[in-house]
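Subject: The structure we talked about

Hi,

Here is the structure I promised to pass on. Have a look at it first, and then read on for what turned up.

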Amino acid sequence: MINRKRKELYPVTVIENNLIKEDVHYLKLDKKFSFKPGQVLAIALKQNDEPRLYSIASGIDKDYLGILFDVNPDGQLTPTMSQLKSGDQLYISEPFGKFLCEGTPAMWIATGTGIAPFVSLAESNKANNITLIHGARTIDAFYLQDTFIKILGENYNRFCTSEQQEGIYHGRLTTYLQQQKQLPTDYKYYLCGNSQMIIDVREILIEKGVPFDHIIAEIYF
Ligand SMILES: Cc1cc2nc3c(=O)[nH]c(=O)nc-3n(C[C@H](O)[C@H](O)[C@H](O)COP(=O)(O)OP(=O)(O)OC[C@H]3O[C@@H](n4cnc5c(N)ncnc54)[C@H](O)[C@@H]3O)c2cc1C
């Protein structure tokens, strides 16, 4: 029998719920726990609900826990979570997880809300020797990009598939990676986002000679 030990959940108060774009929110929760950048929380509306996992998307010195999430219209948690207001309550686990991205030099690669752990890392001063590759379909989907423009400057590379703007590559990040004659094989590659992006990027990196154990992924499912 599989022993899936259920994580204990604790009440936490919502400080703010900010709409970033349609169906994408940035939630600030009371900082109930300290954590390591890259870790996740299990979140539920009620103490006995089956929780969903969310990366913490804020720096360790902020006085709140930030969560970046998109709304799944048929989901059990996010349609209601998107309606929460200041003073409302949620349930969270203690932070856990091993996607700590401690190896450098490194390339961080993210799509969609998969940018969340990298926000936490960057805001926690863990972005030295980092290049970030960030993919999105539309320009307004580079969530929290101001943080990376400020902290990473030229090492922040955005790839947009359906819109064009100066300073942003037009096309898929996988095409860009594929087109590179060489990719550094001594770098660590930290990938976060949906499973298809991770499968595609992993395949390209391995083709380019990056050792398997230099590719570390957090898959959102
Ligand atoms: C480690 C990790 C970190 C993550 N971090 C983030 C993050 O920072 N931000 C983020 O946005 N997402 C993140 N995710 C993804 C997020 O946890 C999931 O997308 C989560 O399922 C969303 O919850 P929900 O209530 O919206 O949808 P859910 O209720 O989980 O539903 C998801 C889908 O499954 C379907 N479904 C639900 N119940 C059933 C059922 N009984 N039978 C058939 N189909 C069903 C729904 O129709 C829906 O399409 C993370 C995932 C992991 C694993």
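Let me begin with helix 3, whose buried residues pack against helix 2 (116–123), strand 8 (130–136) and strand 9 (156–160). Helices (H or I, at least four residues) and strands (E, at least two) are DSSP runs, numbered from the N terminus. Contact means heavy atoms within 4.5 Å.

Before going further, please note that this is a predicted model: local features need pLDDT of at least 70, side-chain atom pairs count only at pLDDT 80 or more, and totals for chains, interfaces and linings use all residues. Residues are numbered from 1 along each chain as its sequence is written, and side-chain values use heavy atoms, with hydrogens and water left out.

**Helix 3 and Q145**

Helix 3 runs over residues 145–152, and its buried residues are Q145, T147, F148 and L152. They cover an arc of only 150 degrees around the axis, which puts them on the same side of helix 3. That arc is taken from the directions from the helix axis to the C-beta atoms. Buried here means under 20% relative accessible area, exposed means over 50%, and partly exposed is in between (1.4 Å probe, protein chains only). On the face turned away from the buried side, helix 3 carries the exposed residues D146 and K150. Just after helix 3, G153 takes a positive phi of about 55 degrees.

Q145 deserves a look of its own. This residue of helix 3 is buried, with a relative accessible area of 18%. Not counting residues up to four places away in sequence, Q145 touches I139, Y156 and R158. With R158 there is also a polar contact of 2.5 Å between the two side chains. A polar contact is a pair of N or O atoms within 3.5 Å; within protein, one must be able to donate a hydrogen and the other to accept it, and residues adjacent in sequence count only if both atoms are side-chain atoms.

How many of the 8 residues of helix 2 are buried? The count is 7 of the 8, so helix 2 is largely enclosed by the rest of the structure. The buried ones are A116, P117, F118, V119, S120, L121 and A122. Just after helix 2, N125 takes a positive phi of about 60 degrees.

T113 sits in the loop between strand 7 (106–111) and helix 2. At 11% relative accessibility, T113 counts as buried. Leaving out residues up to four places away in sequence, T113 touches L68, F69, D70, Y143 and Y220.

**The ligand**

A polar side-chain atom of R52 is 2.6 Å from an oxygen atom of the ligand. A polar backbone atom of S55 is 3.2 Å from an oxygen atom of the ligand, and a backbone N or O atom of L68 lies 2.9 Å from a ligand nitrogen atom. On its own the ligand has 970 Å² of accessible area, and the protein covers 68% of that. Accessible areas come from the Shrake-Rupley method with a 1.4 Å probe; for residues, only the protein chains shown count as cover.

**H214**

H214 lies in the loop between helix 5 (195–207) and strand 12 (215–220), and is buried at a relative accessible area of 16%. Its side chain reaches two backbone oxygens: that of Y187 at 2.8 Å and that of T185 at 3.3 Å. Leaving aside neighbours within four places in sequence, H214 is in contact with T185, D186, Y187, K188 and Y189.

**The protein as a whole**

Stepping back, the protein has 5 helices and 12 strands. Of its 221 residues, 48% count as buried. Among contacts between residues at least 6 apart in sequence, 67% join residues at least 24 apart. The C-alpha trace spans about 50 × 45 × 35 Å along its principal axes. The protein exposes about 12000 Å², with carbon and sulfur atoms supplying 44% of it.

Happy browsing, and best wishes
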